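Work through the exercises below with the sequence and the 3D view open. Each task is followed by its solution in steps.

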Amino acid sequence: MIYYIVIPAYNEEAFISLTLQSLAEQTILPGKVVVVNDNSTDNTRNIVLEFAKKHPWITLVDKSSENIHMPGSKVIQAFHKGYETLDDHYDIIVKLDADLIIPNHYFETVLSLFAKDPQVGMAGGFAYIEKDGEWILENLTDKDHIRGAFKAYRKSCFEQIGNLKPAMGWDTVDELLCRFYGWKIVTDATLKIKHLKPTGANYNKAARYKQGEAFYALGYGFMITAIASLKLALLKKKPLLFIDYIRGFQKAKSDKKPLLVSNEQAKFIRHYRLQKMKEKLF
């Protein structure tokens with residue numbers, strides 16, 4: 001199976017060489033890697049170009065956007081820019097962050113997960129962060145969720161869900177739509193990716209409200225949003241974020257912002273989320 005990777009990158013000079021080196025050491029190399037330099041003001045571009053000289057499967061694409069780290073829209077717009085440069089001669093498409101160290105057998109294992117079952121639409125491992133000299137699980141999500149930092153999609157699944165949505169919540173809506181269309185999502189606990197920059201480290205105050213807006217855009221409704229907001233705020237050990245999330249939800253509702261999904265898909269999503277919550281309670 002052939003896999004292509006798109007890496008959005010904004011001011012990642014401290015980490016991107018580690019990410020690219022870990023890709024160069026994969027037991028099965030990617031067919032193509034496109035790094036999208038999203039208006040970086042540091043040495044990111046030159047680092048990528050140096051790697052591209054050694055590895056012809058790496059290419060650089062430049063993109064201009066605002067120098068502000070807002071979750072969702074900025075990174076996915078950069079992903080789209082890179083994806084547009086690719087041909088369609090791939091089996092698996094991967095969205096990867098530029099601050100990761102990937103174990104050298106990672107993609108060999110991921111490809112085997114897709115090969116074993118044609119109904120697997122998405123596959124991936126888990127993120128680990130360094131704390132007190134040890135690498136520990138970055139425990140922000142359920143064990144059946146693949147982090148947005150390293151998403152791998154079967155081509156037909158990726159096309160059916162309609163590419164990635166340029167909004168916060170994209171890495172939840174993709175999995176919900178995956179399930180809506182009957183695809184499986186597989187995670188492998190043996191695949192441990194080192195996440196060098198903790199999630200949300202550069203998000204500003206405005207970005208916090210985006211999480212609540214994302215819950216609204218997913219069609220969650222208030223009750224599911226409140227439960228999801230409380231859980232996420234507690235996982236991040238910042239209880240006051242709950243208020244920011246609820247405010248974001250209410251603002252999106254009052255502004256009548258469009259949903260990222262259809263009414264039919266929103267109904268499926270609410271049913272699915274409620275079922276998951278009931279399973280955990282009972």
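**Exercise 1: A lysine with two partners**

The side chains of Glu175 and Lys151 meet in a salt bridge, with 2.7 Å from N to O; a salt bridge here is a side-chain nitrogen of Lys or Arg within 4 Å of a carboxyl oxygen of Asp or Glu. This is a predicted model, in which local features need pLDDT of at least 70, side-chain atom pairs count only at pLDDT 80 or more, and totals for chains, interfaces and linings use all residues. Residues are numbered from 1 along each chain as its sequence is written, and side-chain values use heavy atoms, with hydrogens and water left out.

Solution. 
1. Helices (H or I, at least four residues) and strands (E, at least two) are DSSP runs, numbered from the N terminus.

**Exercise 2: Accessibility of the charged residues**

Task: Are Lys151, Asp174 and Glu175 buried or exposed?

Solution. 
1. Buried means under 20% relative accessible area, exposed over 50%, and partly exposed in between (1.4 Å probe, protein chains only).
2. Lys151 has 0% relative accessibility and therefore counts as buried.
3. Asp174 is buried at 2%, and Glu175 is buried at 4%.
4. The buried residues of H6 (residues 170–180) include Trp170, Val173 and Leu176.

**Exercise 3: Strand S2 and its neighbours**

Task: Which strands pair with S2, and what is the hand of the crossover from S1 to S2?

Solution. 
1. Two strands pair if DSSP finds at least two bridges between them.
2. S1 (residues 3–9) and S2 run parallel and are joined by six bridges; Ile5 stands opposite Val33 in S2.
3. From S1 the chain passes through helix H1 (residues 16–24) to S2 in a right-handed β-α-β crossover. Right-handed means that, with the strands pointing away from the viewer, the path from the first strand over the helix to the second runs clockwise.
4. S2 also pairs with S3 (residues 58–63), in the parallel sense over six bridges, and Val35 stands opposite Leu60 in S3.
5. In S2 (residues 32–38), six of the seven residues are buried.
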